[in-house]
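Here is a friendly note to read with the model open beside you. Take the points one at a time and find each residue as you go.

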Amino acid sequence: MLRTMITATNTMGQLQNKLDTISNNIANSGTHGYKTQQATFNELMYQQFNTDKQDPTVRQSPVGIRYGSGAMLGQVQTNHKQGSLQTTDRDLDFAFTKPKQYFNILMPDGENGTKTVYTRQGDFYLSPLNNGTVMLVNTDGYPVADANGQPITLPDNVKGFAVRDGGSLEATYPNGDIIRTDLAVTEFQKPQLMEHVSGTYLGLPNNLAELGFTQAEVVTDLQGANRQQIGMQNGTLELSNVNLSKEMTDLIETQRAYQFNARAVTLADQMLGLINGIR
């Protein structure tokens with residue numbers, strides 16, 4: 001009975017993680033640029049009982065009895081499928097038209113200064129600075145990086161923005177001046193290795209070397225002639241790729257599995273009570 005309870009509680013703890021993942025997907029279904037997280041499960045170690053001498057029956061299944069000890073969350077993967085585009089007609093709204101391409105955002109990193117994280121959430125704003133210039137930032141106030149990895153600052157009084165081929169941001173001024181800046185765009189070569197940081201942000205894992213990869217093998221900064229591969233347009237935003245129908249179905253299935261394991265714990269407890277009550 002104790003083993004039944006341990007197996008069920010092991011699985012319940014992992015199912016709770018899957019419920020959290022599904023809940024996060026549903027909560028972010030309206031977040032621009034959000035990519036669905038998908039949890040997969042693996043079986044924990046099981047104990048093998050060899051009963052072939054006592055049970056010589058020929059079976060198609062493996063010989064003996066395998067007694068499992070539950071399931072564990074194997075991996076939480078990101079679905080990088082392109083989301084639908086929503087027209088906003090706002091100058092500083094940008095969306096990628098190709099998958100696996102991401103904006104570079106300079107996120108504060110404590111004593112280390114800043115670190116580069118990647119997102120497809122392209123609703124940007126202008127933040128005024130003290131020296132008569134403005135900085136291009138995202139909804140969290142983090143600077144948007146240019147092709148050189150530096151924050152994008154522009155003289156104040158910008159009249160309008162447009163994005164040109166190759167991810168070039170064009171700022172126009174009332175006097176007719178035009179300033180062009182290349183937005184930093186990174187393409188994921190091995191998106192399954194990217195680590196979810198928070199919200200819509202993804203980053204390189206800290207143990208990339210231990211995994212046997214280099215940064216150049218995982219991500220590519222689109223520079224020079226490669227910038228012609230960039231698919232970007234402004235006046236639009238990319239919606240999340242969360243499929244609410246699938247998430248609700250997964251939620252119900254996971255809740256049923258959780259209830260099933262909770263019931264197993266209850267039954268095992270009742271049977272232990274009966275055994276302890278025998279006199």
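1. Rings of Phe, Tyr and Trp (its six-membered ring) pair if their centres lie within 6.5 Å; planes under 30 degrees apart count as stacked, over 60 as edge-to-face and the rest as tilted. By that rule, Phe94, Phe96, Phe103 and Phe124 form one aromatic cluster.

2. Before you go further, note that this is a predicted model: local features need pLDDT of at least 70, side-chain atom pairs count only at pLDDT 80 or more, and totals for chains, interfaces and linings use all residues. Residues are numbered from 1 along each chain as its sequence is written, and side-chain values use heavy atoms, with hydrogens and water left out.

3. The structure holds six aromatic pairs. In one of them, the ring centres of phenylalanine 94 and phenylalanine 124 lie 5.7 Å apart with planes at 40°, so this pair is tilted. Phenylalanine 94 and phenylalanine 124 are 30 residues apart, and their pair links distant parts of the chain.

4. Phenylalanine 96 and phenylalanine 103 also make a tilted pair, because their planes meet at 40°, with centres 4.4 Å apart.

5. Look next for charges over rings (NZ of Lys or CZ of Arg within 6 Å of the ring centre and within 35 degrees of the ring normal). Arginine 90 has its charged end over the ring of tyrosine 125, 4.4 Å from the centre.

Definitions and conventions. Helices (H or I, at least four residues) and strands (E, at least two) are DSSP runs, numbered from the N terminus.
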